[in-house]
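Reader: I want to learn how to read sheets, cores and confidence in a model like this one. Please keep it brisk.

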Amino acid sequence: MTKKSFLVAALMTLAFLLSACNMVAPMQNGEEGMPMDEGMAMDDDSGMDMSGGSMAGDAIEAQSTENGLFIVSAVSQLDPVVINETHSWIIHIETADETPVIDADISIDGGMPEHNHGFPTAPRVTENLGDGDYLLEGMRFNMGGVWVLTLEISSGDQTDSVTFEFELK
Amino acid sequence: MRRLIGGALLALVALAITVALLTGELGGGGPFGAAFRDMMGWSEHANGRGLSASALSAHSWTEAERGLIASLSIDRLPPLPPDPSNAFGDDPAAVSFGHELFFDSGLSPDGSVSCATCHQPESYFTDGKRLANVRGADTPRHTPTIVGIAYSDWFYWDGRKDSQWAQALAPQEAPVEHGGSRTAHARYVLEAYRSQYEALFGTAPDIGDESRFPAHAAPIDDEAARAAWDGMTASDRQTVNRVFANIGKSIAAYSRRIMPGRSRFDDYAAAALVNDQARMAELFTEEEAAGLRLFFGDGQCTDCHNGPLLSNGTFHNIGLPLQEGSNFDQGRSLGTLQVVDDVFNCLGEFSDADEEACVELRFIKLEGDELVGAFKVPTLRNVAETAPYMHNGIFPDLDAVIRHYNHAPPAFPGHSDLVPLAFSEEQSAALIAFLLTLNAPPNAPPELLQPPHGEE
């Protein structure tokens with residue numbers, strides 16, 4: 001790059017900076033009620049909420065069981081999910097044709113495969129809430145990283161399982 | 001000549017941009033200027049203080065890293081929640097009563113041992129010994145601090161108690177600790193502190209009849225004490241247990257108040273949160289910052305030492321060597337069975353909690369290889385002041401601790417949660433330098449950090 005082209009680039013940068021500053025200038029005088037400029041915020045709120053291991057309570061997408069018998073969703077009642085706090089989840093189960101499964105027996109397993117350990121607690125389903133919803137109590141995570149939650153679901157004479165994988169960042 | 005003018009112009013423009021950004025002229029110091037400075041690793045406060053390039057990079061953290069640092073700060077410690085199993089836990093009269101009991105060596109048959117014998121306020125409520133030792137006999141475990149312990153779900157290194165008040169009872173009957181018994185201690189407290197007891201717990205029961213309430217009776221290993229206990233009626237045993245539980249609840253009301261103080265690290269975390277690098281550089285040396293980086297980075301220390309107390313409150317086997325001549329200590333795999341059976345646990349009749357509130361006990365993990373030889377992760381606040389280290393006091397200093405983490409030998413039995421860090425000497429020194437920034441005196445009313453008025 002020649003000095004001349006460098007100079008042009010520097011001037012263009014200056015022009016850009018000045019125009020950018022004009023663009024945001026009104027924000028300083030009218031902070032009240034001014035919406036945050038979408039493109040300008042350097043601090044993403046979700047980032048600064050970091051707890052050394054967290055995720056949104058509804059971060060996990062519904063998933064089909066291994067043999068496709070059930071569709072299962074798992075939503076934390078603690079939102080965001082944070083480490084070191086024992087809490088509950090709601091598990092929802094329906095069949096592939098979207099009929100709620102109201103008579104399921106559910107056993108729970110999971111942990112951190114990479115660390116070769118399970119949950120620090122023994123979570124279990126304590127209540128059938130109806131309409132295919134089940135209360136899973138005793139969930140706890142004790143560190144950030146990738147966790148798995150496996151549900152083995154029996155309904156009538158059918159059994160299938162699903163494993164959710166998620167990361168607390 | 002054109003090149004010269006071009007060069008001069010370029011220099012001028014660059015200077016103008018820099019000056020404008022740093023002084024905030026450009027955009028009136030508005031968000032863009034701040035964002036740009038942020039992006040470049042400069043802060044408002046760095047302006048004109050001449051931070052060196054290495055200082056800037058030592059204290060330069062990504063947004064995610066700043067979030068992680070803040071997550072360890074005492075500013076994130078929530079107000080202490082009530083202990084549902086202890087209705088007296090936040091009663092000022094119980095705090096005062098418990099303060100006296102904590103320092104009272106009358107709670108031992110020879111008058112030589114109180115809680116404060118091992119939990120010494122001047123030593124961050126530890127005793128500086130490898131293993132807790134009174135009357136010249138070692139206990140199997142090292143004395144942990146009680147500072148901030150009220151936030152725990154489990155007590156003792158193996159978590160064999162699930163409340164501070166239940167924990168406070170066990171040493172009183174352990175032969176190698178206070179060496180007393182619940183009938184003796186109930187009788188002593190009702191005599192020495194009758195008015196304080198009754199003001200809190202109502203009319204004291206009459207346990208003066210030694211034919212019904214033997215001098216030394218308790219469900220402990222001592223055969224005579226156990227036989228005496230077994231000889232009591234269920235109702236009389238319950239009466240004594242109730243007084244004994246109330247003694248524990250009072251001691252817990254006191255020890256709940258001993259909180260960790262604000263350390264230099266916490267000030268650093270506050271500066272990191274707003275990315276004030278000049279302030280960060282004032283608070284931490286480059287080595288300390290490098291140690292912090294290793295702590296949550298390559299060291300993976302925050303897997304277990306996380307949150308504002310730098311502990312996840314759960315149990316891990318880290319493949320510790322045994323003390324010479326000692327047997328394998330099962331740790332958590334035995335502690336789980338003991339807490340479930342404990343008459344003073346959260347679900348027991350002496351607990352003030354509803355069953356619903358006993359979440360930890362209801363969902364206790366009872367099975368799993370990872371419980372074998374696992375011990376509770378201790379807080380690292382004031383770690384430099386609480387040597388020796390580990391449940392068995394096996395390491396005399398932090399150098400020895402880091403050496404263990406560097407090598408991480410496999411555990412036997414059980415499996416170690418560690419992977420060898422293999423840190424260089426320089427890295428190990430940096431990590432220790434960071435740990436020293438966690439020092440701070442306990443945060444509690446000054447009168448609670450010494451024996452109650454009128455006692456030694």
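Reader: In what sense do β5(A) and strand β9 of chain A pair, and over how many bridges?

Author: Note at the outset that this model is predicted. Strands of a sheet pair through backbone hydrogen bonds, either parallel or antiparallel. Here β5(A) and β9 (residues 133-139) of chain A are antiparallel, with five bridges. One of the pairs is H92(A) with D133(A) in β9(A).

Reader: Which residue of β5(A) does S73(A) stand opposite?

Author: S73(A) faces H92(A) in β5(A). That belongs to the next pairing. Strand β3 (residues 70-76) and strand β5 (residues 87-95) of chain A are joined by seven bridges, in the antiparallel sense. I71(A) has E94(A) of β5(A) as its bridge partner.

Reader: What is the order of the strands in this open sheet of five?

Author: Read it as β2-β3-β5-β9-β8 in chain A, with antiparallel pairing.

Reader: Why is one side of β2 and of β8 in chain A left without a neighbour in the sheet?

Author: Both stand at the edges. β2 (63-64) and β8 (124-130) of chain A each have a single partner strand, so one side of each has no neighbour in the sheet.

Reader: Now one residue, G138(A). Where is it found?

Author: G138(A) lies in strand β9 of chain A.

Reader: Why does G138(A) count as buried?

Author: Count the C-beta neighbours. The cut-off is 20 or more within 10 Å. G138(A) counts as buried because it has 23 inside 10 Å.

Reader: Which residues does G138(A) touch, leaving aside those up to four places away in sequence?

Author: In chain A, the contacts of G138(A) are T86(A), T121(A), A122(A), P123(A) and R124(A); in chain B, they are R362(B) and F363(B). As for V125(A), its C-alpha atom is 8.8 Å from that of G138(A), and the two are 13 residues apart along the chain.

Reader: Which strands make up the open sheet of four in chain A, and in what order?

Author: The order is β7-β6-β10-β11 in chain A, and the pairing is antiparallel. β7 (117-118) and β11 (158-168) of chain A are the edge strands, each pairing on one side only.

Reader: How many bridges join strand β6 of chain A to β7(A)?

Author: Two bridges join β6 (residues 105-112) of chain A to β7(A), and the strands run antiparallel. G111(A) is opposite G118(A) in β7(A). M112(A) has H117(A) as its bridge partner there. The hairpin of β6(A) and β7(A) has four residues between the strands, and N116(A) takes a positive phi near 60°. With strand β10 (residues 145-155) of chain A, β6(A) pairs over seven bridges, again antiparallel. S107(A) has E152(A) as its partner in β10(A).

Reader: On to chain B. How many helices and strands does it have?

Author: Chain B has 18 helices and four strands. Of its 456 residues, 47% count as buried. Among its contacts with a separation of 6 or more, 71% come from residues 24 or more positions apart.

Reader: Which residues have the most contacts inside the largest nonpolar core?

Author: In soluble globular proteins, nonpolar side chains tend to be buried together. The largest core here has 40 residues, and I69(B), Y268(B), A269(B), A272(B) and M280(B) have the most contacts inside it. Two or more residues come from each of α3, α4, α12 (264-273), α13 (277-283), α14, α17 (398-407) and α18 of chain B. A further core of 31 residues lies apart from it, with A94(B), W165(B), A166(B) and F344(B) among them.

Reader: What do the buried residues of α14(B) pack against?

Author: They pack against α3 (53-58), α4 (63-71) and α18 (425-436) of chain B. The buried residues of α14 (residues 286-296) of chain B include L292(B), F295(B) and F296(B).

Reader: Last, confidence. What is the mean pLDDT of chain A?

Author: The mean for chain A is 79, and 70% of its residues reach 70 or more. Over residues 6-50 of chain A the pLDDT is below 50, though this stretch has 52 contacts in the model beyond near neighbours in sequence. Where pLDDT is low, the predicted coordinates should not be read in detail.

Conventions: Residues numbered from 1 in each chain as written. Chains lettered and ligands numbered in written order. Predicted model: local features only at pLDDT ≥ 70, side-chain atom pairs only at ≥ 80, totals over all residues. Pairing = 2+ DSSP bridges. Buried ≥ 20, exposed ≤ 12 C-beta atoms within 10 Å, placed from the backbone. Contact = placed C-beta atoms within 7 Å. Core = buried A, V, L, I, M, F, W, Y, C linked by C-beta atoms within 7 Å. pLDDT = per-residue confidence, 0-100.
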